[in-house]
Structures are given as C-alpha cells and as structure tokens.
Amino acid sequence: QVQLVESGGGLVQAGGSLRLSCAASGRTFSTAAMGWFRQAPGKEREIVSRILWSVGIAYYADSVKGRFTISRDKAKNTVYLQMNSLKPEDTAVYYCAVQLAGNSDYDYWGQGTQVTVSS
C-alpha cells in the first residue's frame, strides 16, 4: 500500500503561480514513476506531467509545456508540480498518482487538491 497526500492548491489570478506537493508513504521503495493528473468539471481526467522516479526524466502534456515543472525529492518521497503562468483553463482538481515497478497503470491516487485560476 502507498498513501499519497497532496497539498498546495488554491485560488490564484491568471498569470500567477502555485506549487503542488505530493508526499508518499508506505510501500514507496518500488516506485517506478509518479504523475500529476487533473480533472476539470465536465471533462475527463488528463495527465499533466509524470516523472520517472529513479532517473528523473519528465514528461509534460503539450498544454503545460514551458509553464509547469515536475520534480521529485527521493529522500522525502515527495513529488512537486511548480505551475507558473497559470491560465483559467488550468482550473481543475489535481491528483497525484504512483506507478509501481512492473505495472503499466497507476496503482495509487491521492485525494486531489483544487486549483482555481481566476481571469
């Protein structure tokens, strides 16, 4: 079992920044990757970014490239999402998830944190 606790969401004006954190605990030794997803009202959940845990290689959705940066602190079992130049269309509930080694899907999910960007 892996437990994920997200923090850092909130209300920000367009052009502003937020930093999301996701702390993992439990069976974290077999983490292969961690990802950030988001789901806006009436829309499907979409991946925002993911990072390979061991080597730190990152992937970004086209919609956030150049504005968002994912990073991880292996010692703290924490993944971050620095979000800059936020737009109203970034408004969503943001979830972090962990993919364990040997699995193709994400195995555990956080409870989500609301990000609201006002225009």
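**Notebook: burial, strands and salt bridges**

I began with burial: of the 119 residues of the protein, 43% count as buried (buried is under 20% relative accessible area, exposed over 50%, partly exposed in between, with a 1.4 Å probe and protein chains only). I note that this is a predicted model, in which local features need pLDDT of at least 70 and side-chain atom pairs count only at pLDDT 80 or more, while totals for chains, interfaces and linings use all residues. Residues are numbered from 1 along each chain as its sequence is written, and side-chain values use heavy atoms, with hydrogens and water left out.

**Entry: overall form**

I looked up the secondary structure and found zero helices and 11 strands (DSSP runs numbered from the N terminus: helices are H or I of at least four residues, strands E of at least two). Along the sequence the pattern reads β-β-β-β-β-β-β-β-β-β-β. The radius of gyration is 13 Å, close to the 14 Å of the globule rule for 119 residues, so the protein is as compact as a globular protein of that length (the radius is taken over C-alpha atoms, and the rule is 2.2 Å times the number of residues to the power 0.38). I read the spans of the C-alpha trace along its principal axes as about 40 × 25 × 25 Å.

For contacts (heavy atoms within 4.5 Å), I took the pairs at least 6 apart in sequence; 52% of these join residues at least 24 apart.

**Entry: the open sheet**

I traced an open sheet of four strands in the order β1-β3-β8-β7, with antiparallel pairing (two strands pair if DSSP finds at least two bridges between them). Its edge strands are β1 (2-7) and β7, each of which pairs on one side only. From one strand to the next the twist averages 15° (axes are lines fitted to C-alpha atoms, for helices over the stretch in contact, and angles run from 0 to 180 degrees between N-to-C directions). I then checked β1 against β3 (residues 18-26): six bridges join the two antiparallel strands. V2 stands opposite G26 in β3.

**Entry: salt bridges**

I searched the whole structure and got four salt bridges (a side-chain nitrogen of Lys or Arg within 4 Å of a carboxyl oxygen of Asp or Glu). R38 and E46 meet in one, at 2.7 Å from N to O. R38 counts as buried because its relative accessibility is 6%; E46, at 35%, counts as partly exposed.

D90 and R67 form another, with the closest N and O atoms 2.7 Å apart. D90 lies in the loop between β8 (78-83) and β9 (92-100), and R67 in the loop between β6 (58-60) and β7 (68-73), so the pair ties together parts that are 23 residues apart in sequence. I found both D90 and R67 buried. A network of salt bridges links R38, E46, R67 and D90.

I also noted K65 with D62, where the closest N and O atoms are 3.2 Å apart. D62 is exposed, at 65% relative accessibility.

**Entry: G42**

I placed G42 in the loop between β4 (31-39) and β5 (46-52). G42 is exposed, with a relative accessible area of 87%. From G42 to V117 I read 75 residues in sequence and 17 Å in space, C-alpha to C-alpha.
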